[in-house]
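Here is a set of questions and answers on one protein model. Please look over the sequence and the coordinates before reading on.

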Amino acid sequence: MPDVHSQNRLFNRRGFLRQSTLATLSSLLGAEIVFADRLPRHYLPVVFSPTDGPINPMTDKHKDLVVLNDKPWNVETPAHLLDDRITPAERMFVRNNGLIPEKIDPATWKLTINGESVRAPKTYTLAELKKKFRHHTYQLVLECAGNGRAGYYPKTAGNQWTDGAVSCAEWTGVRLKDILADVGLKSDAVYIGYYGSDLHLSQDPKKEVISRGAPMHKALEDETLVAWAMNGKDIPVVHGAPLRLVVGGWPASVSGKWLHTISVRNKVHDGAKMTGKSYRVPIDPVEPGVDPPEDRFRIIESMPVKSLITFPRTGTLLKPGETVALRGHAWAGDRAVRSVEVSMDFGATWQAAKLEVPSNRLAWQHWTAEVKPPRPGYYELWARATDEAGVSQPMVMPQWNPEGYCNNACHRIAVKVG
């Protein structure tokens, strides 16, 4: 990828491409820009980003991540790139609802706690948060509620995520419950809602992008953090620097980025993306294609049990008689995973995988298994997790819902022996 100094030489003050730079761009990329002669006037290839323009998260990402949308940025990680035990920043998916803030100054950043159910509003600088409260570090699963949406039929609207809108990074910060105890809560507190500094796609600063939240029992869990570090470093801007809420096990939309305010409410939070059918599923099972009225939906809370095969990658060619060493991760929202099984005969039979305990509550669990295909041919390798309550992943599409949320069907990869 091109470095910032190289980029600076390619753009004028307005961020437009200068004349005769296509050859230079191709050189920086190490590949020809195919059909470059058809680039619209002033069009900027998505891999490049001017330093005085909107932030391009792909600049620091693995080259094989898949861009689903760039307004706003939504970027998926192929399953085989999630093989790390702790997800590195360059391989972490991106899910945005608005535009990434362009100007962030940690030295002046502040967090305000307010709302109907605090005794008195209080504001902290980032330095005060770090000094006043004990630091905690947890590995926490963040998964987009729409992960797996592409697997629903009939198709639903929204980004067509396959299986890679999930991560388990190591987050460092302070417990939200410690901050709330310092502020003081009234007895009628039932919910928290967050506010971030991302900008609405209309660029109207008065419009909320997303302002979601969680009930108090989740807000007060030990693992619910106001975090400033990810994997031992400052959180990358695209992932919410300098401060974000991290709420493991629930839809990642609850973990607000670019956090500047938390409001403690005496009712269910009613911010942007908390009303209507956003991040909600039908209360009762519905026929595929049916869209019930709004009052028949419930807010998604704990995410369902799920697993992922991260090695080998789909499409792998194996030698006859070769044993396949499988590995991956499993998670189950607020619950722990009890077991993982694998199949190579389309779910007709299953064998147990070796499952590790999580590094901490709400972290994913690593698993391994070995299978030996009996003869040359095409195989599908499936993984199925079961949580501590005995709930297993469905082999195929789970209960359909009109927003395409919470698809936790078995992950499968294709291999060929021969």
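Buried means under 20% relative accessible area, exposed over 50%, and partly exposed in between, with a 1.4 Å probe and protein chains only. This is a predicted model, in which local features need pLDDT of at least 70 and side-chain atom pairs count only at pLDDT 80 or more, while totals for chains, interfaces and linings use all residues. Residues are numbered from 1 along each chain as its sequence is written, and side-chain values use heavy atoms, with hydrogens and water left out.

Q: Is Phe93 buried or exposed, and what is its relative accessible area?
A: The limit for buried is under 20% relative accessible area. Phe93 falls below that limit, so it counts as buried, at 6%.

Q: How are the ring planes of Phe93 and Trp161 set against each other?
A: Rings of Phe, Tyr and Trp (its six-membered ring) pair if their centres lie within 6.5 Å; planes under 30 degrees apart count as stacked, over 60 as edge-to-face and the rest as tilted. The structure holds five aromatic pairs. In one of them, Phe93 and Trp161 have ring centres 6.2 Å apart and planes at 85 degrees, so the pair is edge-to-face.

Q: How many residues apart in sequence are the parts that Phe93 and Trp161 tie together?
A: Strands (E, at least two residues) and helices (H or I, at least four) are DSSP runs, numbered from the N terminus. Phe93 lies in the loop between strand S2 (73–76) and strand S3 (94–95). Trp161 lies in the loop between strand S6 (135–143) and S7, so the pair ties together parts whose separation in sequence is 68 residues.

Q: Which residues does Ser167 touch, not counting residues up to four places away in sequence?
A: Ser167 is found in strand S7 (residues 166–175), and it is buried, with a relative accessible area of 1%. Contact means heavy atoms within 4.5 Å. By that criterion, Ser167 touches Thr87, Met92, Phe93, Leu140, Val141, Leu142 and Trp364.

Q: Which residue in S12 is the bridge partner of Val226?
A: Two strands pair if DSSP finds at least two bridges between them. S7 and S10 run antiparallel and are joined by five bridges, with Val174 opposite Val226 in S10. S10 is also joined to strand S12 (residues 244–246) by three bridges, again antiparallel. There, the partner of Val226 is Leu245.

Q: Which residue takes a positive phi in the hairpin of S10 and S11?
A: S10 pairs with strand S11 (residues 233–234) in the antiparallel sense over two bridges, and Met230 has Lys233 as its bridge partner. The hairpin has two residues between the strands, and the one with a positive phi near 55 degrees is Asn231.

Q: Which strands stand at the edges of the open sheet of five strands?
A: The order in this sheet is S17-S24-S23-S19-S20, with mixed pairing. Each edge strand has a single partner strand, so one side of each is left without a neighbour in the sheet; the two are S17 (316–318) and S20 (351–352).
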